[in-house]
Amino acid sequence: MENKVKLKGQATLNVDGKEASLPVYGGTVGPDVIDIASLYKQTGMFTLDPGFTSTGSCESQITYIDGDEGVLLHRGYPIEQLAANSDFLEVCYLLLHGELPTAGQAEEFNSTITRHTMLHAQFDRFFEGYRRDAHPMAMVVGTVGALSAFYHDSTDINDPAQRLVASHRMIAKMPTIAARAYKYSVGQPFVSPRNELDYAANFLRMCFAVPAEDYEVNPVLAKAMDRIFILHADHEQNASTSTVRLAGSSGANPFACIAAGVACLWGPSHGGANEAALNMLSEIGTPERVAEYVARAKDKNDPFRLMGFGHRVYKNYDPRAKVMHQTCHEVLKEVGADDPLLQVAMELERVALEDEYFIEKKLYPNVDFYSGITLKAMGFPTTMFTVLFALARTVGWIAQWQEMIGDPTQRIGRPRQVYTGAAKRDYVALNNRG
Ligand code: SDX
């Protein structure tokens, strides 16, 4: 990666009689940044920003988000245009290589991914170690990390060719692993990938085909699945991507780094929100009970939050949520489902968006708000929702990991702290402790 930040000037910080002069850099678009790398050397002080609300961790050329305007760009292309005109593997190529592929590049890339979808024959035995009622995310976290035990020939992070093979393997094998986690949890035999099917159709067939009969993939659902993968592909320096970058900064192999990202995504504040949001809608149950839960979400003494609402960056409507809402209606129409939870979700959105609390705190539906209803209508249990998020986000994690390794300014990530524990004191023998 070629660093492209531009020096815009200097910031001066006066503290304790010391003056620090810190360079200010600007990018293509978005806020300028103050480079504080020399702050400790100049002042003997650290900064403190526990949730990284005002802290940039890196320079990146992959994804840009304008939270105030509800804008999401992948290599400059708006998510709405990619969702409407592209397909997931084309978006994978774009995120990895920086440009939309030519027809020839797309054909070669798609063929490469297709030929990496199978897993080593022994790999399937990993699942046997889990109880059948294990959460599918527990199986995905474990098995993704285990990939490094099978694919040693693509773990040397200093070899660009091995990094590319590992990238292709991760993108290609995640649907196979995700489908196996689902099949294992429902007690059905694993279904192998088919090379004549496209990425999303292959995944749906691996999930829902059974040996007892032929399975035809519904093209409307395959298109919806592909679009849902596009919506979840990458999202700047979110918690799980930052986890992958931090793991990668130590030189860990790519499979271990992606396993770390899967683990972080699992949390209900992050990728686990789609499962939590559907569980919340089920708990609310009817549109009539929405007001009661909105009141709970506003009550400081009640830990309840509206899952699928709010975002660290978006202080406007998440552009992905709009596309997901449209996809939700398409899927429900195609499967002929009239999910009462959709009425609950739409009433919840209406009430919340008119409520002063949510307006003042700029809380809007995020990508997770409508995804649960959509995925449930497609036949997935709620425990698979975050697995689908991880499947789609794998390309974003890999692209960001590749960018980090190629960044000449990259160093091992090692934050500092403000220490408020005990000052230095001498050891007290047991018989003197009272
Ligand atoms: C994803 O980072 C990414 O890009 C993530 C993601 C991606 O693609 O990678 O977009 C995917 O993780 C989407 C977010 C999914 N999570 C949820 O839907 C869970 C519910 N949302 C919240 O927990 C919360 O909004 C977060 C975690 C998403 C953001 O938390 P922040 O930025 O730390 O905000 P905060 O917790 O400081 O909240 C600010 C205020 C607080 O009130 P005050 O303390 O200022 O009085 O807003 C309130 C919060 O209490 N608030 C909510 C709320 N979210 C925030 N109140 C009610 N319901 C909510 N959902």
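## Close-up views of a predicted model

View 1. At a relative accessibility of 0%, S240 counts as buried, because buried means under 20% relative accessible area. The structure shown here and in the views that follow is a predicted model. S240 belongs to helix α10, which spans residues 239–249. Its side chain makes a polar contact of 2.8 Å with the side chain of N238. Apart from residues up to four places away in sequence, S240 touches G261, C264, L265, H270, R393 and W397.

**View 2. A239, a partly exposed residue of helix α10.** A239 is also found in helix α10. With a relative accessible area of 42%, A239 is partly exposed. Once neighbours within four places in sequence are set aside, A239 is in contact with C264 and H270. A239 and M170 are separated by 69 residues in sequence and by 20 Å in space, taken from C-alpha to C-alpha.

View 3. The ligand is surrounded by 24 residues, and the closest are H235, H311, R312, R320 and R393. The residues of the shell divide into 9 nonpolar, 8 polar and 7 charged. An N or O atom in the side chain of H235 is 2.6 Å from an oxygen atom of the ligand. For R312, a polar side-chain atom lies 2.7 Å from a ligand oxygen atom. In the case of G308, a backbone N or O atom lies 2.8 Å from an oxygen atom of the ligand. Taken alone, the ligand exposes 1100 Å², and the protein buries 77% of that area.

**View 4. F369 in helix α17.** F369 is found in helix α17, which covers residues 368–377. Its relative accessibility is 1%, so F369 counts as buried. Leaving aside neighbours within four places in sequence, F369 is in contact with M280, M307, G308, F309, A345, L348 and E349. Among them is G308, which has a backbone N or O atom 2.8 Å from an oxygen atom of the ligand. F369 and L278 are 91 residues apart in sequence, while their C-alpha atoms are 7.9 Å apart in space.

**View 5. F385 in helix α18.** Helix α18 comprises residues 385–405, and F385 lies in it. The relative accessibility of F385 is 0%, so this residue counts as buried. Not counting residues up to four places away in sequence, F385 touches N274, E275, L278, G372, L375, K376 and F380. Of these, E275 is 110 residues from F385 in sequence but 5.8 Å from it in space, C-alpha to C-alpha.

**View 6. Helix α8 and what covers it.** Helix α8 is mostly covered, with 9 of its 10 residues buried. The buried residues are Y199, A200, A201, N202, F203, L204, M206, C207 and F208. Their cover includes α3 (88–97), α4 (103–114), α7 (160–186), α9 and α18. The N-terminal end of α8 is capped by D198, a side-chain oxygen of which lies 3.3 Å from the backbone nitrogen of A200.

**View 7. Aromatic pairs, with Y199 and F229 as an example.** A search of the whole structure finds 23 aromatic pairs. One of them joins Y199 and F229 in an edge-to-face arrangement, with 6.1 Å from centre to centre and 85° between the planes. Y199 lies in helix α8 (residues 199–208) and F229 in helix α9 (residues 219–231), so the pair ties together parts that are 30 residues apart in sequence. Y199 counts as buried at 9% relative accessibility, and F229 counts as buried at 0%. The rings of Y357 and F358 have their centres 5.1 Å apart and their planes at 70°, so this pair is edge-to-face as well. F358 is buried, with a relative accessible area of 3%.

**View 8. A cluster of aromatic rings.** Ring pairs link F123, F126, F127, F150, Y151, Y184, F190 and F255 into a cluster.

Note on methods: Residues are numbered from 1 along each chain as its sequence is written. This is a predicted model: local features need pLDDT of at least 70, side-chain atom pairs count only at pLDDT 80 or more; totals for chains, interfaces and linings use all residues. Side-chain values use heavy atoms; hydrogens and water are left out. Helices (H or I, at least four residues) and strands (E, at least two) are DSSP runs, numbered from the N terminus. Buried means under 20% relative accessible area, exposed over 50%, partly exposed in between (1.4 Å probe, protein chains only). Contact means heavy atoms within 4.5 Å. A residue is near a molecule or strand if one of its heavy atoms lies within 4 Å of it. A polar contact is a pair of N or O atoms within 3.5 Å; within protein, one must be able to donate a hydrogen and the other to accept it, and residues adjacent in sequence count only if both atoms are side-chain atoms. Accessible areas come from the Shrake-Rupley method with a 1.4 Å probe; for residues, only the protein chains shown count as cover. Ala, Val, Leu, Ile, Met, Phe, Trp, Tyr, Cys and Pro count as nonpolar, Asp, Glu, Lys and Arg as charged, and the others, Gly among them, as polar. Rings of Phe, Tyr and Trp (its six-membered ring) pair if their centres lie within 6.5 Å; planes under 30 degrees apart count as stacked, over 60 as edge-to-face and the rest as tilted.
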